[in-house]
Amino acid sequence: MAHLPAEGNPDEQPSGMARRQFLGGAARLAAAGAVAGWVPVFRATPASAQTTCATPPNFPAGIALFQQAFENWSGEVAVDQVWTCTPATPADVVAVVNWANANGYRARPRGMMHNWSPLTLAPGAACPPKIILIDTTEHLTAVSINTTSTPKRVTAQTGVTMDALLTALEGSGLGFTATPAPGDLTLGGALAIDGHGTAIPATGETPVPGTTYGSLSNQILSLTAVVWDSAANQYVLRTFQRTDPGCAALLTHLGRAFITEVTLQVGTNQRLRCQSWFDIPATEMFAPQGSSGRTFASYVESAGRVEAIWFPFTPNPWLKVWSVKPSKPLFSRTVTSPYNYPFSDNLSPELSDLMSQIIGGNVGLTPSFGQLQYNIVAAGLVLTLSYDLWGWSKNLLLYVKPTTLRVTANGYAVLTNRANIQRAISEFTNYYQARVAAYQAQGQYPMNGPVELRVTGLDQTADVGVSGAQSPQLSAVRPRPDHPEWDVAIWFDILTIPGTPYAEQFYREIEQWMFSNYSGSYATIRPEWSKGWGYTNTATWADGTILGTTIPNAYRAGQPVGNNWDTARATLNQYDPHRVFSSPLLDALLP
């Protein structure tokens, strides 16, 4: 994304190319938010006259092969005419991978493309050379549930969506403690980047057997991966139990491996209540540690499941609080399906118009844009009676649809002690607000989306119903053995329209401050793999020091030799020595 100057500064005008990048990226975002998800523009087979890229030679017979466009969630990675296949079985996946290795291709998994970071593909022109996408969503979607085992478990192929998986689990009286908010994620995609929700035990809460307060990766009991077999001189399917040391690098693999099937432990489903507040001032919610009143930490203590969404230039965040309620509270509205905030799922005409003006260059309207977003939420919660909901967990944990406003985001997990939650959030919001004000004073508005705050537990192996379970080596919420008192992760995200002037510069300042502030015996910080990190003043995932030193060190610190970042990298290279499962970003991050 390009760096653009402040509005109205005659001494620093954007180049035509830079401005087209901003306007084009934002226009794609606006279009994506107005339809039910992004739809590929075509599908062309090798026999079609429409194909414009060289056909992959000698592709395995019987496996559907075609060209299709690829675009990630924010539209920042948009590539036309990528050769894509739809294997019907895990054996077909192995056949494609061995073909790719023999022909010098890379094989990248393609799920629902709901990702910000370019772990699958780098942005670029049409017809990326020597790349084949393996679409898991058409056939690799089988689900089998075992309710007689201890713990109860579900075995699922990785192309199944979280929506479909949670629906199947609900039908058997099962569920997870927390999940990502979008249902249009594949299970494989969520596990690759340690997908998470928001939950820690409320005061006095007894955890449900078979569940975890960490990431979805910590639910894994076994997995089947495509790995290199040196004796057979080819890639093969191999099943790893959670106790296998080689499994530790695969539990959260960032796309540096290919998983075809997983078995997850699951727990008895729960009924939840979700209450929304939009009248608590940010000065009270994010007050310094030790403050009284309606603080963020006070809701975490009482309910355990909290999310704050704070639109820019508004005084009150939107606070969502989930609590375990087996019986329906008197004033709650019962819901029997997910996605119960229609006002946030679609762009209103007013919001579209204001966004169009900002995209057109009138960035001074950003405060009005933030206030309108808040007003829509406040009115919508009342008009749709969505401020107090009750139902099965799936119907309250899934609430982001593909039609919502698509923005780019940075993302970090800060590991610390539960007692420090309010301190960490107060320090962040104070710094963020001060930087926003400093930019505003210069007529610059790099942030036009909300701050989002969540809290989860860590990937404690004690949560797994298997003795000797391995810890996910690349999970952002892997515990630190040298700091057993760190028991929570606070997830920080800031959202903005792709291409917004000065966004990368702002994100870099935030990132540098966070790595400095959350350190020592107080806390540590790791990137949220699916979001933005590694900022320079003009680009994302581009700072060589962050990628090559800072992040690896964050996964070495406090971990035993032989079970850390370097171990994971060596394991992934062992299972894929030909780097069939890699991308430019992964080549830089995990060489």
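Strands β6 and β7 make a hairpin, with six residues between them. Helices (H or I, at least four residues) and strands (E, at least two) are DSSP runs here, numbered from the N terminus. Before going on, note that this is a predicted model, where local features need pLDDT of at least 70, side-chain atom pairs count only at pLDDT 80 or more, and totals for chains, interfaces and linings use all residues. Residues are numbered from 1 along each chain as its sequence is written, and side-chain values use heavy atoms, with hydrogens and water left out.

**The sheet**

S144 sits opposite T155 in β7. On to β11 (residues 259-265), which runs antiparallel to β7 and is joined to β7 by five bridges. There, R153 has Q265 in β11 as its bridge partner.

Put together, the open sheet has five strands in the order β6-β7-β11-β9-β10, with antiparallel pairing. Its edges are β6 and β10 (234-241), each pairing on one side only. Ignoring direction, neighbouring strands are turned by 15° against each other on average. Helix α2 (residues 90-102) packs on this sheet and touches β7, β9 (220-229), β10 and β11, and its direction makes about 135° with that of β10. Contact means heavy atoms within 4.5 Å; axes are lines fitted to C-alpha atoms, for helices over the stretch in contact, with angles from 0 to 180 degrees between N-to-C directions.

**Cysteines**

Taking a disulfide as a pair of cysteine sulfur atoms within 2.5 Å, the count is one. C53 and C127 form it, with sulfur atoms 1.5 Å apart. The link is left-handed, at -65° about the S-S bond. It ties together distant parts of the chain, 74 residues apart: C53 is in the loop between β1 (43-44) and β2 (64-71), and C127 in the loop between β4 (106-110) and β5 (131-135).

Here, buried means under 20% relative accessible area, exposed over 50%, and partly exposed in between (1.4 Å probe, protein chains only).

| Residue | Relative accessible area | Class |
|---|---|---|
| C53 | 11% | buried |
| C127 | 26% | partly exposed |
| C247 | 0% | buried |
| C274 | 0% | buried |

**Cores**

A nonpolar core is a set of buried Ala, Val, Leu, Ile, Met, Phe, Trp, Tyr and Cys residues joined through side-chain atoms within 4.5 Å. The largest has 102 residues, and L223, F296, I421, F428, M514 and Y518 touch the most other members. Helix α11 (residues 421-441) gives the most to this core, seven residues.

Conventions:
Two strands pair if DSSP finds at least two bridges between them.
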